[in-house]
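Here is a short briefing to read alongside the structure.

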Amino acid sequence: MTIREAFQSALGPRVRFDTPLAPFTTFRVGGKADLFVAPRSVEELQRTLALVRRFDLPWFVLGRGSNVLFSDAGFRGVVISFQEGFGHFTLLSDGVTIEAECGVPVSALVQFSRKAGLTGLEAAAGIPGSVGGACFMNAGTHEGNFAGLVSRLELIDLEGRRYHQNREELDFSYRCLALRPQAIILEAWLQLRPGDPETITKRIQGILQRRKASQPLTLPNAGSIFKNPPGDFAGRLVEAAGLKGSRIGDAQVSERHANFIVNRGNASAADIVALIELVRQRVLEDSGITLEPEVKVIGERGLHGH
Ligand SMILES: Cc1cc2nc3c(=O)[nH]c(=O)nc-3n(C[C@H](O)[C@H](O)[C@H](O)COP(=O)(O)OP(=O)(O)OC[C@H]3O[C@@H](n4cnc5c(N)ncnc54)[C@H](O)[C@@H]3O)c2cc1C
């Protein structure tokens, strides 16, 4: 049995072959994945992981694709996507904890908590990620991040074993959650607090307005390209180096926000990577600071997990 036949027989309609990745990312860039699996249950995910092990394939976990850049050559392995399943969440009986599966859009939780009069998620308004991606990236702003909300995670390892980690066992840092190698987040428990619905609504509206005014939201992008270095802002450094508007092919440093790169239409991953390298080089020359990418650049092969 070939690899494709084995996936087809184990996963039926959940697996697709030679699937373009661009539509699954906010950058709208990336070649084809050999195998693209969108499991709808833990059992289907376990079957996928068993095949990954059996054939020793590269694999990558994809949330809503808002912080990734796939290569033009695509991915020679299995992309496991949570965009089509794992989308349930519930408010627990304590009235303040949301239990959410990894595929739930962060925006759905922001809206739910607003209506429920729960505060804590406002800073996440406008973050176009999934719960799994937001936990893994410790997404947020200076007003708060996921590390401040997560009380517990359920994870699964490559062997298909499920386990929990409580807040005190989770190693969050700036835009990072250091998980065990090859761990996949299945569910998160987010601890909110009772709040005044009107205040929450106003705060969310204010945050969304500020994003609209300062970010290039009408063109495909992947949010902040670089992490802020300690004590400074990547956008300020890029702007100070005179790079706003710089362009390689259809990839351009946004005129509106210098820490965003936008796809002006037909940018290739190679264009974007070249622009990232140009910006890093120029900022280093200009300020002596080496910027570290926040966006995950995914090569054609060799990745195992995230
Ligand atoms: C317009 C715009 C604005 C943004 N604003 C912000 C912001 O204010 N603050 C901020 O922090 N980010 C921001 N981002 C970046 C991005 O939205 C966040 O990093 C988001 O949390 C990524 O979630 P995702 O589901 O899209 O993850 P993906 O991009 O799909 O994946 C990101 C990483 O998470 C891993 N991952 C995804 N799901 C899982 C899982 N279930 N288990 C284990 N690993 C997983 C992936 O393997 C990958 O390494 C912005 C992006 C855009 C496009």
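**Briefing: packing, rings and backbone**

Phe 36 has a relative accessibility of 0% and so counts as buried. Please keep in mind that this is a predicted model.

**Aromatic pairs**

- How many aromatic pairs are there? The count comes to four aromatic pairs, where rings pair if their centres lie within 6.5 Å.
- In one of them, the ring centres of Phe 24 and Phe 36 are 4.4 Å apart with the planes at 35°, so this pair is tilted.
- Phe 24 sits in the loop between β1 (15-20) and β2 (32-37), while Phe 36 belongs to strand β2; the two are twelve residues apart, and the pair links distant parts of the chain.
- Is Phe 24 buried or exposed? With a relative accessible area of 13%, Phe 24 is buried, because the cut-off for buried is under 20%.
- Phe 36, at 0% relative accessibility, is buried as well.
- Phe 89 and Phe 112 make an edge-to-face pair, with 5.2 Å from centre to centre and 75° between the planes.
- This pair also links distant parts of the chain: Phe 89 is in strand β6 (residues 89-91) and Phe 112 is in helix α3 (residues 106-115), 23 residues apart.
- Phe 89 is partly exposed at a relative accessible area of 29%, and Phe 112 is partly exposed at 27%.

**Helices α1 and α2**

- Helix α1 (residues 3-11) and helix α2 (residues 42-55) have axes that come within 10 Å and cross at roughly 165°.
- Angles over 145 degrees count as roughly antiparallel, and α1 and α2 are therefore roughly antiparallel to each other.
- Is the crossing left-handed or right-handed? For α1 and α2, the crossing is right-handed.
- Which residues meet? From α1 these are Ile 3, Ala 6, Phe 7, Ala 10 and Leu 11, and from α2 they are Glu 44, Arg 47, Thr 48, Leu 51, Val 52, Arg 54 and Phe 55.
- Sorted by class, this contact of α1 with α2 has eight nonpolar residues, one polar residue and three charged residues.
- Glu 43 is also found in helix α2, and at 45% relative accessibility Glu 43 counts as partly exposed.
- Glu 43 and Gly 160 are 117 residues apart in sequence, with 8.9 Å between their C-alpha atoms.

**Buried residues and their surroundings**

- Ile 207 lies in helix α5 (residues 197-214) and is buried, with a relative accessible area of 7%.
- What does Ile 207 touch? Leaving out residues up to four places away in sequence, Ile 207 touches Glu 122, Ala 123, Ala 125 and Glu 143.
- Ile 207 and Ile 272 are 65 residues apart along the chain, and their C-alpha atoms are separated by 28 Å.
- Ser 66 lies in the loop between β3 (59-62) and β4 (68-70), and at 16% relative accessibility Ser 66 counts as buried.
- With residues up to four places away in sequence left out, Ser 66 touches Thr 26, Pro 128, Gly 129, Ala 222 and Gly 223.
- Where is Phe 75? Phe 75 is placed in strand β5 (residues 75-81), and this residue is buried, with a relative accessible area of 0%.
- Between Phe 75 and His 164 there are 30 Å from C-alpha to C-alpha, and the two are 89 residues apart in sequence.

**Positive phi values**

- As background, most residues other than glycine have a negative phi.
- Asp 56 is not a glycine, yet its phi is positive, at about 50°.
- Asp 56 is placed in the loop between α2 and β3, and at 61% relative accessibility Asp 56 counts as exposed.
- Arg 175, another residue other than glycine, has a positive phi near 50°.
- Arg 175 lies in the loop between β13 (171-173) and β14 (176-178).
- Is Arg 175 buried or exposed? Arg 175 has a relative accessible area of 11%, so Arg 175 is buried.

Definitions and conventions:
Residues are numbered from 1 along each chain as its sequence is written. This is a predicted model: local features need pLDDT of at least 70, side-chain atom pairs count only at pLDDT 80 or more; totals for chains, interfaces and linings use all residues. Side-chain values use heavy atoms; hydrogens and water are left out. Axes are lines fitted to C-alpha atoms, for helices over the stretch in contact, and angles run from 0 to 180 degrees between N-to-C directions. Helices (H or I, at least four residues) and strands (E, at least two) are DSSP runs, numbered from the N terminus. Angles under 35 degrees count as roughly parallel, over 145 as roughly antiparallel, 65 to 115 as roughly perpendicular and the rest as oblique. A crossing is left-handed if the near helix is turned anticlockwise from the far one by less than a right angle, and right-handed if clockwise. Contact means heavy atoms within 4.5 Å. Ala, Val, Leu, Ile, Met, Phe, Trp, Tyr, Cys and Pro count as nonpolar, Asp, Glu, Lys and Arg as charged, and the others, Gly among them, as polar. Rings of Phe, Tyr and Trp (its six-membered ring) pair if their centres lie within 6.5 Å; planes under 30 degrees apart count as stacked, over 60 as edge-to-face and the rest as tilted. Buried means under 20% relative accessible area, exposed over 50%, partly exposed in between (1.4 Å probe, protein chains only).
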